[in-house]
Amino acid sequence: MKKHLIPVVVLASLLASCNGGGGSGKWEAAKAFGDKELNYCLLIGQIDHNDSAARTAGIRDALKTRAATKTSNANTENPVDGKLTLNGTEYAVKEIEHGEQKATGGATWDQQTATNTTEGWFNKHGDKIDFIVSNNDGMAEGAIAAASYVEGTPIFGYDSNESTLQFIKQGKIMGTVNQNASAQVGGFLMLARNLIDGSANPTEEGFKTESTKGYGKLSSAFTYKDADRSFLVDNFAITSSNVDQYLGKTAADLVDASVKKGTTDKKEVFLNFYSASDTFLNSNIRPLIDNYKDKFNFDINIQSGDGNTESTVIDKINKKFDAYIVNVIKTTATQSYLDKIATIEGGTVNKPVIFFNRQATKADGTVDQQVMKDDRFKNGIYYVGFDAVQGGQVQGKMIVDWLSAQEKTAK
């Protein structure tokens, strides 16, 4: 039988492609820092989402890859080649790939899409990818699942999902950002309670002073911005140095002990998640709601959308509730939710409407202050969440701090 020999050059090419674009198959700090170049890839959650844009801005600002001329939405900007000094040595920094993780059906922040995207990036670049940054934990975990993922490649997430904390403990994810989900849930439920009960100071009671109805006072500090009608709580980084403080904590463990069971009557609240598959909402927010709701004497009707089509949420607002706590699918679609609530309530709305997780924005990604002042809503429209800009800065600093520590060890 005649033997078919594969030319050496072709064989080398095939082996390289099987090993992620020519890499060694394993990330090595000495190699990553040895060429004085740091190449990274960015998994973007949603192009027009203000939280995603703030995280991208924080990352690029910290890594010096953001253009000098900034816009209101960093996701729509083209990154530039930057220079970063670590322990006295200057490194060239380049964002070699980035992309919105949007599924075929339209859902954004999609974990499976992140797996597919990352697989393509590693097939193309192999171990030339020095680290990966993700706008959330779900996509970070999706990246690790890529068949071509080069073992040990550093990746950074955002959300502090329990599964991600496990990955941090195992050394597979370098860090994440905690949005203080317990404070967020306690915050929007406290505010809803104040507004339903007719508090004279709904933005102060339970936040800066004790609740007059027995609900206590949240221990986390919130910043209230009247122009945005928003309550924002700070974020903090979780890395290998402090992950044990949060790993394995149940929602019951995280409930603010300063929140008490109040004295006012039980009320029925509508609350929705923009997507039934969102990992942060289902693994962090929902268990906290279940643990807080009885303290606030709420019967909460939880619904979920498909992450893409507004009607999958709006159509579920089909009767009157005592309060509406809404997680929009697209941040630019806030008005459509208000219109539906106003229709259900007969035009004038004397019930509180509180948005969470996704803040109303205009098409350019800036906060939509005007939509929050709809005069049909006599009991107010508010947003309760985390400080997205501060969170992006926390993530950026976390990445640079980690790189600095690794660079020092690699020398």
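With the side chain of which residue does the side chain of R358 make a polar contact?

Modeller: The partner is H49: its side chain and that of R358 make a polar contact of 3.4 Å. Bear in mind that this is a predicted model.

R358 is placed in the loop between β13 and β14, the latter covering 381-386. R358 is buried but has no salt bridge. The nearest side chain of opposite charge belongs to D278, and it is 5.5 Å away, whereas a salt bridge requires nitrogen and oxygen within 4 Å. R358 also lies over the face of Y274, 3.6 Å from the ring centre. Setting aside neighbours within four places in sequence, the residues in contact with R358 include Q46, H49, T108 and W109. Y274 and Y383 are among them too, as is the run N327, V328, I329, K330 and T331.

A363 is found in the loop between β13 and β14, and its C-alpha atom is separated by 8.9 Å from that of T331, 32 residues apart along the chain. A363 has a relative accessibility of 75%, so it counts as exposed; R358 is buried.

D137, in helix α5 (residues 137-144), is buried and has no salt bridge. Its nearest side chain of opposite charge is R55, at 8.0 Å. The side chain of D137 does reach the backbone nitrogen of S160, at 2.6 Å, and a polar contact of 3.4 Å joins it to the side chain of T164. Beyond its neighbours within four places in sequence, D137 is in contact with residues including G157, Y158, D159 and T176. Y158 brings R55 back in: the charged end of R55 sits over the ring of Y158, 3.8 Å from its centre.

Salt bridges do occur elsewhere, and the count comes to twelve. K351 and E345 form one of them, with their closest N and O atoms 3.1 Å apart, and both residues are buried. In another, D374 and R376 meet at 2.7 Å, N to O. D374 counts as buried because its relative accessibility is 14%, while R376, at 26%, counts as partly exposed. R66 is buried, with a relative accessible area of 14%; D61 is partly exposed, at 34%.

Aromatic rings are the remaining topic. The whole structure holds 19 aromatic pairs. Y40 and F131 form a stacked pair, 5.2 Å centre to centre with 10° between the planes. This pair links strand β1 (residues 37-44), which holds Y40, to strand β4 (residues 131-134), which holds F131, the two residues being 91 apart. Y40 is at 0% relative accessibility and therefore counts as buried, and F131, also at 0%, counts as buried. F273 and F356 have ring centres 6.4 Å apart and planes at 70°, so their pair is edge-to-face. That pair links F273 in strand β10 (residues 267-273) with F356 in strand β13 (residues 353-356), 83 residues apart. Both F273 and F356 are buried. Finally, Y40 and F131 belong to one aromatic cluster with W27, F156 and W402.

Definitions and conventions:
Residues numbered from 1 in each chain as written. Predicted model: local features only at pLDDT ≥ 70, side-chain atom pairs only at ≥ 80, totals over all residues. Heavy atoms only, no water. Helix = DSSP H or I, 4+ residues; strand = E, 2+ residues; numbered from the N terminus. Buried < 20%, exposed > 50% of the residue type's maximum accessible area, 1.4 Å probe, protein only. Lys, Arg positive; Asp, Glu negative; His and termini not counted. Polar contact = N/O pair within 3.5 Å; in protein donor to acceptor, adjacent residues only side chain to side chain. Contact = heavy atoms within 4.5 Å. Phe/Tyr/Trp six-rings, centres within 6.5 Å; stacked < 30°, edge-to-face > 60°. Lys NZ or Arg CZ within 6 Å of the ring centre and 35° of its normal.
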